[in-house]
Amino acid sequence: MKTKSITKIAILTALFAIIAPIVIPFGLVPISLSTLILCVMSAILKPKEIIISMVLYIIIGLIGIPVFASFQGGFGVLVGPTGGYLIGYIFAGFVMSLLNNIVKKKWIYIISFLIGTIILYVFGTVHFMFVMDMTFKESIVITVYQFVVGDLIESIIALIICYILNKIFTNYQ
């Protein structure tokens with residue numbers, strides 16, 4: 001792996017670890033900016049790089065450093081109600097990055113961000129359903145419905161950030 005790749009992974013993992021713990025308390029599943037950061041990361045990192053980044057982030061949190069939502073850390077978060085989102089970050093990031101790298105057109109960002117958000121919803125909802133012993137319908141009300149508008153806004157903000165970064169990087173190459 002090249003130094004440039006390792007540097008991007010390190011910087012973006014650190015950024016994710018700094019921003020992900022900041023939440024707006026909202027019921028059983030808090031609102032965080034981690035979806036926004038994950039979308040931006042998927043436009044910068046290659047699929048392999050984003051997998052490494054998200055696995056590193058999870059390991060950092062599992063050893064007890066408070067990088068998860070609400071400044072939590074430890075194994076209990078992974079097996080708790082929102083643990084599915086943590087695993088979902090790996091898969092959502094991979095799929096978004098893969099789409100962004102295959103199509104290599106700016107318009108794919110919004111599509112990949114929406115697909116990635118759906119992947120996060122699936123992992124988060126299914127895990128929540130089992131941990132909380134609820135039906136799928138009950139779980140989806142708690143883990144999806146109330147977050148759709150916010151996640152769409154985060155996707156649009158991520159899209160704007162990606163366009164700005166793309167323009168900056170294009171001008172400096």
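Q: Helices (H or I, at least four residues) and strands (E, at least two) are DSSP runs, numbered from the N terminus; which of them each supply at least two residues of the lining of the second largest pocket?
A: Strand 2 (31-32) does, and so do helix 2 (34-44), helix 5 (83-103), helix 6 and helix 8 (148-171). The largest share comes from helix 8, with four residues. Bear in mind that this is a predicted model, where local features need pLDDT of at least 70, side-chain atom pairs count only at pLDDT 80 or more, and totals for chains, interfaces and linings use all residues. Residues are numbered from 1 along each chain as its sequence is written, and side-chain values use heavy atoms, leaving out hydrogens and water.

Q: What makes a residue part of the lining of the second largest pocket?
A: A pocket is an open set of points on a 1 Å grid over the protein atoms alone, where a 1.4 Å probe fits and protein lies on both sides within 12 Å along at least five of seven lines; a lining residue has an atom within 4 Å of a point. For this pocket, 25 residues line it, and Val29, Pro30, Ser32, Ser34 and Tyr85 lie nearest its centre. The pocket's volume is about 400 Å³, taken as the space filled by probe spheres set on points joined across faces, edges and corners.

Q: How do the residues of this lining divide into nonpolar, polar and charged?
A: There are 15 nonpolar, eight polar and two charged residues. Ala, Val, Leu, Ile, Met, Phe, Trp, Tyr, Cys and Pro count as nonpolar, Asp, Glu, Lys and Arg as charged, and the others, Gly among them, as polar.

Q: Why is the pair Lys8 and Glu49 called a salt bridge?
A: The term needs a side-chain nitrogen of Lys or Arg within 4 Å of a carboxyl oxygen of Asp or Glu. The closest N and O atoms of Lys8 and Glu49 are 3.6 Å apart, so the pair meets that limit. It links distant parts of the chain, with Lys8 in helix 1 (residues 3-19) and Glu49 in helix 3 (residues 47-62), 41 residues apart. The structure holds one salt bridge.

Q: Are Lys8 and Glu49 buried, partly exposed or exposed, and how do you know?
A: Buried means under 20% relative accessible area, exposed over 50%, and partly exposed in between (1.4 Å probe, protein chains only). Lys8 has 22%, so it is partly exposed. Glu49 has 5%, so it counts as buried.

Q: What makes Ser70 and Lys104 worth a look at their phi angles?
A: Ser70 has a positive phi of about 60° although it is not a glycine. Lys104 has a positive phi of about 55°, and is not a glycine either. Ser70 sits in the loop between helix 3 and helix 4 (75-79), while Lys104 is in the loop between helix 5 and helix 6.

Q: How far is Ile156 from Val29 in sequence and in space?
A: They are 127 residues apart in sequence and 21 Å apart in space, C-alpha to C-alpha.
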